[in-house]
Amino acid sequence: MNGKAMRILLLVALVSLLVGPAFAADDYTYTGVKKCKTCHKPAKIGGQYGIWEKGPHASAFADLTSEAGLAKAKELGVENPAEADACLKCHTTGHGAADEATAKTLLESGVSCEACHGPGSGYYKKKTMAGITAGTIEPASVGMTEITEETCLACHVA
């Protein structure tokens, strides 16, 4: 790389540090829970996938058509909770934001990792996650959402 190209590259890097990430959160896409499972299944790193899989979030979409889910829907005046936006926004991942091909996979996964952590296309790769863990990559710069109480309260209302 010649000197001029190096100066331009350094200038671009400096500007991006000063003004923040070059992409908005909307620029990221959902990858699906299978991408997360690749790294987050082993017990040696916490077994997050297994914990999710056994927990209530994994079955959140299926719960809509359970006896209890249908009863709650009827109580709320919802005819078909598995198609109602009001239900799907909390019982699925990426409802309304995912492309049609991805939407079916996301539906079947219920409330998966990306529902809280944000669409994973910018951070799912091992090298990026290692940088986040090491503190050399700011999570928000690659589309990862900081989970706060408000993240949970978006769906878990009293």
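A contact is counted where heavy atoms lie within 4.5 Å. By that criterion, residues 24 or more positions apart account for 52% of the contacts in the protein with a separation of 6 or more. The structure is a predicted model, in which local features need pLDDT of at least 70 and side-chain atom pairs count only at pLDDT 80 or more, while totals for chains, interfaces and linings use all residues. Residues are numbered from 1 along each chain as its sequence is written, and side-chain values use heavy atoms, with hydrogens and water left out.

The protein has 10 helices and zero strands, where helices (H or I, at least four residues) and strands (E, at least two) are DSSP runs numbered from the N terminus. The order of elements from the N terminus is accordingly α-α-α-α-α-α-α-α-α-α. Of the 158 residues, 26% are buried; buried means under 20% relative accessible area, exposed over 50%, and partly exposed in between, with a 1.4 Å probe and protein chains only. The accessible surface comes to about 11000 Å², and carbon and sulfur atoms hold 60% of this area. Accessible areas come from the Shrake-Rupley method with a 1.4 Å probe, and for residues only the protein chains shown count as cover.

Open spaces were examined next. Rolling a probe the size of a water molecule over the atoms shows where empty space is left. On a 1 Å grid over the protein atoms alone, a pocket is an open set of points with protein on both sides within 12 Å along at least five of seven lines, unlike a cavity, where a 1.4 Å probe fits but cannot get out; lining residues have an atom within 4 Å of a point. Grid points are joined across faces, edges and corners, and a volume is the space filled by probe spheres set on the points.

The largest pocket contains about 850 Å³ of space. Its lining consists of 33 residues, and K89, C90, H91, V111 and C155 are those nearest the centre. Two or more lining residues come from each of α4 (60-63), α5 (67-76), α6 (85-91), α8 (113-117) and α10 (149-153). Helix α6 supplies the largest share, five residues. By class, 18 residues of this lining are nonpolar, 11 polar and four charged. In this scheme Ala, Val, Leu, Ile, Met, Phe, Trp, Tyr, Cys and Pro count as nonpolar, Asp, Glu, Lys and Arg as charged, and the others, Gly among them, as polar.

The second largest pocket has a volume of about 490 Å³. It is lined by 22 residues, with Q48, W52, S112, C113 and H117 nearest its centre. At least two lining residues each are supplied by α2 (33-40), α3 (48-54) and α8, and α2 gives the most, with five residues. This lining has 15 nonpolar, six polar and one charged residues.

The structure holds one aromatic pair. Its members, Y49 and W52, are tilted, at 5.5 Å centre to centre and 45° between the planes. Rings of Phe, Tyr and Trp (its six-membered ring) pair if their centres lie within 6.5 Å; planes under 30 degrees apart count as stacked, over 60 as edge-to-face and the rest as tilted. Both Y49 and W52 lie in helix α3, three residues apart, about one turn of the helix. Y49 and W52 are both buried.

Leaving out residues up to four places away in sequence, V111 touches W52, H57, A58, A60, C90, H91, T92 and T93. V111 and A58 are 53 residues apart along the chain, yet their C-alpha atoms are separated by 5.8 Å. S109 occupies the loop between α7 and α8 as well and is buried at 11% relative accessibility. Beyond its neighbours within four places in sequence, S109 is in contact with V33, W52, H57 and A58.

Two further positions were considered. T128 is in helix α9 (residues 126-134) and, with a relative accessible area of 16%, is buried. Apart from residues up to four places away in sequence, T128 touches G122, Y123, I137 and V142. I45 lies in the loop between α2 and α3 and counts as partly exposed because its relative accessibility is 42%. With residues up to four places away in sequence not counted, I45 touches C39 and H40.
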